[in-house]
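This briefing covers helix packing, nonpolar cores and backbone geometry in the structure shown below. Please read it alongside the sequence and the coordinates.

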Amino acid sequence: MGDEEQELTGGNASGRVVRVGDTVRKPWIANTSAVQSYLRALRERGVDAPKPLGSDQHGRQMVEYVNGTLALGQLPLGTGDLLRVGRMIRRIHDASEFVPVPDPAGWGMLLPAESPNLMCHNDLAPWNLITGDRWVFIDWDGAGPSTRLWDLAYAAQSFGMLFEGQPVDSAATRLRAIVDGYQADPSLRRALPAAMAQRTTAMFELLRSSSESGFQPWADMYVNGHGEHWRAAAAYVARHQAAWDRALSQPD
């Protein structure tokens, strides 16, 4: 592929995103410089993240285009794949321990964690995981100060498919596989069920409040199905706390 721009679809909050050759171009935003530094630091620690490439002649940010298939189209992932996802997230978090945490007050996190102490992706979900020859998390624009618990809670809930309509036993098995892959310690396992409920509720509240204030793109997402999805997901995760506790507390 040459220098022709090919518009990429599927994102909700990144503005216009295009592919040019082996690169992705998207708007340069306030945190882009810090995020590109974060990606470089992760890569130096052995994490396979998209290579940051600075800016182009139009002032857009550039990152490596990663070829493959979105995990979103392959759900539900099998146990082996979920273990792999858990290991990937653990590797990202461990590498992030070496990255300075910026001042949360000046970062503008949409869903802030309590007492943030780690740089995190903040959207480790099937719609941001490329699979194929490489397994790589993409779309790091939302990276910022958070915690292992808050970041893992969202990833475990989304990859585990803890959504309304899913059989609880199957969802609990998927959840256990992700957390086992992460090799979470007992304290993190105990904290996860409540954190997943809080995180899904926070996502719904962001969408609901945005629909009232007109804050985009979340306001449009609320009326286009995301609001109802996250309302139901929050209720589902809260309703089955006992099942998540059992799944995560069973002996190996």
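This is a predicted model: local features need pLDDT of at least 70, side-chain atom pairs count only at pLDDT 80 or more; totals for chains, interfaces and linings use all residues.

A residue counts as buried when its relative accessible area is under 20%, and as exposed when that area is over 50%.

**Backbone geometry**

- Most residues other than glycine have a negative phi, and most peptide bonds are trans.
- Asn122, which is not a glycine, has a positive phi of about 75°, and its place is in the loop between β7 and β8 (129-131); because its relative accessible area is 15%, Asn122 is buried.
- Ser115, likewise not a glycine, has a positive phi of about 50° and lies in the loop between α2 and β7 (118-120), but with 55% relative accessibility Ser115 counts as exposed.
- Leu75 and Pro76 are joined by a cis peptide bond with omega about -5°, and Pro76 is found in the loop between β6 (69-70) and α2.
- A cis peptide bond also runs from Gln216 to Pro217, with omega near 5°, and Pro217 sits in the loop between α5 and α6.

**Helix packing**

- The axes of α3 (residues 148-159) and α4 (residues 168-182) come within 9 Å and cross at roughly 140°, which makes α3 oblique to α4.
- The crossing of α3 and α4 is right-handed, and the contact is made by Arg148, Leu152, Ala155, Ala156 and Phe159 of α3 together with Arg174, Leu175, Ile178 and Tyr182 of α4; these residues divide into seven nonpolar, no polar and two charged.
- For α5 (residues 186-213) and α7 (residues 241-249), the axes come within 9 Å and cross at roughly 150°, so α5 and α7 are roughly antiparallel to each other.
- The crossing of α5 and α7 is right-handed, with a contact to which α5 gives residues including Arg189, Leu192 and Met196, and α7 gives Gln241, Trp244, Asp245 and Leu248; the residues of this contact divide into seven nonpolar, one polar and two charged.

**Nonpolar cores**

- The largest nonpolar core has 49 residues, and those with the most contacts inside it are Phe137, Trp140, Phe159 and Trp244.
- At least two residues of this core come from each of α1 (32-44), α2 (79-96), α3, α4, α5, α6 (218-239) and α7, with the largest share, seven residues, supplied by α4.
- Leaving aside neighbours within four places in sequence, Phe159 is in contact with residues including Leu82, Val85, Phe137, Arg174 and Ile178.

Technical notes:
Residues are numbered from 1 along each chain as its sequence is written. Side-chain values use heavy atoms; hydrogens and water are left out. Axes are lines fitted to C-alpha atoms, for helices over the stretch in contact, and angles run from 0 to 180 degrees between N-to-C directions. Helices (H or I, at least four residues) and strands (E, at least two) are DSSP runs, numbered from the N terminus. Angles under 35 degrees count as roughly parallel, over 145 as roughly antiparallel, 65 to 115 as roughly perpendicular and the rest as oblique. A crossing is left-handed if the near helix is turned anticlockwise from the far one by less than a right angle, and right-handed if clockwise. Contact means heavy atoms within 4.5 Å. Ala, Val, Leu, Ile, Met, Phe, Trp, Tyr, Cys and Pro count as nonpolar, Asp, Glu, Lys and Arg as charged, and the others, Gly among them, as polar. A nonpolar core is a set of buried Ala, Val, Leu, Ile, Met, Phe, Trp, Tyr and Cys residues joined through side-chain atoms within 4.5 Å. Buried means under 20% relative accessible area, exposed over 50%, partly exposed in between (1.4 Å probe, protein chains only).
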